[in-house]
Amino acid sequence: MWHAAGEHRRDEKIDGIIYDMSPSPGYQHGIINGNIYAKIRQGLKGSICLVSMENLGFRYHPDSNDDYLCPDIMVICDRKHLKGGAYSGVPRFIAETLSPSTARRDRAEKKEIYEKAGVEEYWIVHPQGKSVEIYYLKDRCYVLEQSYILQEDAEEEDYNAETEIVLREFPHIRMTLGEIFEGLEVESELLEEK
């Protein structure tokens, strides 16, 4: 969770163990999360549902302990479970963008926690590989329903930058693979120029 003003530290608590998530992941992480957040936020206008980006703790066992995670992107619709900087209900959607320090946890412990908590849709986004894995809950277990690796060269046979991804519980919220990874090239070109 976020800490006192002026302290830019984030952490998560899994099985009583605190994992420091500072320093923040690289610029690519923020660009991708910003792109996904903007599309979802736009699609939720006028809805009771909220989307958070890296700033709301998810207390996944509120009745038995004080463990929490800080999902990169989380959609919640049951506001009665919001208290302070934490949510203790069941999120409708979660996305985690991998970084070198969190990749294993995002793919293992956190995926299992979200599955057991009943999160219907879970995305794992990989900035370096420009890939998206989409898991849906079926019979209380995650099933990999869709998996994409961005091919943005229109001359290539497997070009898929225009492929639309739809949030299952919010079918009016759509984004293309290209939109998810938009802005990464500009940033790397600017960094190379320096």
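Which residue forms a salt bridge with D106? K110 does, and the closest N and O atoms are 3.1 Å apart. The legends below start from the whole chain and return to this pair.

**Figure 1. Overview of the predicted chain.** This is a predicted model, in which local features need pLDDT of at least 70, side-chain atom pairs count only at pLDDT 80 or more, and totals for chains, interfaces and linings use all residues. Residues are numbered from 1 along each chain as its sequence is written, and side-chain values use heavy atoms, with hydrogens and water left out. The chain holds five helices and 13 strands. Both are DSSP runs, numbered from the N terminus: helices are H or I with at least four residues, strands are E with at least two. Of the 194 residues, 41% are buried. Buried means under 20% relative accessible area, exposed over 50%, and partly exposed in between (1.4 Å probe, protein chains only). Among contacts with a separation of 6 or more, 53% join residues 24 or more positions apart. A contact means heavy atoms within 4.5 Å.

Figure 2. A salt bridge is a side-chain nitrogen of Lys or Arg within 4 Å of a carboxyl oxygen of Asp or Glu. The count comes to 13. Salt bridges link E12, E96, D106 and K110 in a network. K110 is buried, at 1% relative accessibility. D106 is also buried, at 1%.

**Figure 3. E179 meets K39.** These side chains form a salt bridge, 3.2 Å from N to O. E179 lies in helix α4 (residues 177-180) and K39 in helix α1 (residues 27-43), so the pair ties together parts that are 140 residues apart in sequence. E179 is partly exposed, with a relative accessible area of 27%. K39 is partly exposed too, at 24%.

**Figure 4. R168 meets E120.** In this salt bridge the closest N and O atoms are 3.0 Å apart. R168 sits in the loop between β12 (164-167) and β13 (170-176), and E120 in the loop between α3 (109-117) and β9 (121-126), so the pair ties together parts that are 48 residues apart in sequence. R168 is partly exposed, at 33% relative accessible area. E120 is partly exposed, at 28%.

**Figure 5. The largest nonpolar core.** A nonpolar core is a set of buried Ala, Val, Leu, Ile, Met, Phe, Trp, Tyr and Cys residues joined through side-chain atoms within 4.5 Å. The largest has 29 residues; I36, I40, V75, W123, V132 and I180 have the most contacts inside it. α1, β5 (73-76), β8 (93-97), β9, β10 (131-138), β12, β13 and α4 each supply at least two residues of this core. α1 gives the most, with four residues.

**Figure 6. The surroundings of W123.** Leaving aside neighbours within four places in sequence, W123 has contacts that include I36, F93, V132, L167, M175 and I180. A second, separate core of 18 residues includes M74, V119, Y135 and L137.

**Figure 7. The largest pocket.** Its volume is about 160 Å³. I14, D15, Y60, H61, E109, E112, I113, K116 and A117 line the pocket. α3 gives the most to this lining, with five residues. On a 1 Å grid over the protein atoms alone, a pocket is an open set of points where a 1.4 Å probe fits, with protein on both sides within 12 Å along at least five of seven lines; lining residues have an atom within 4 Å of a point.

Conventions: Points joined across faces, edges and corners; volume = space filled by probe spheres on them.
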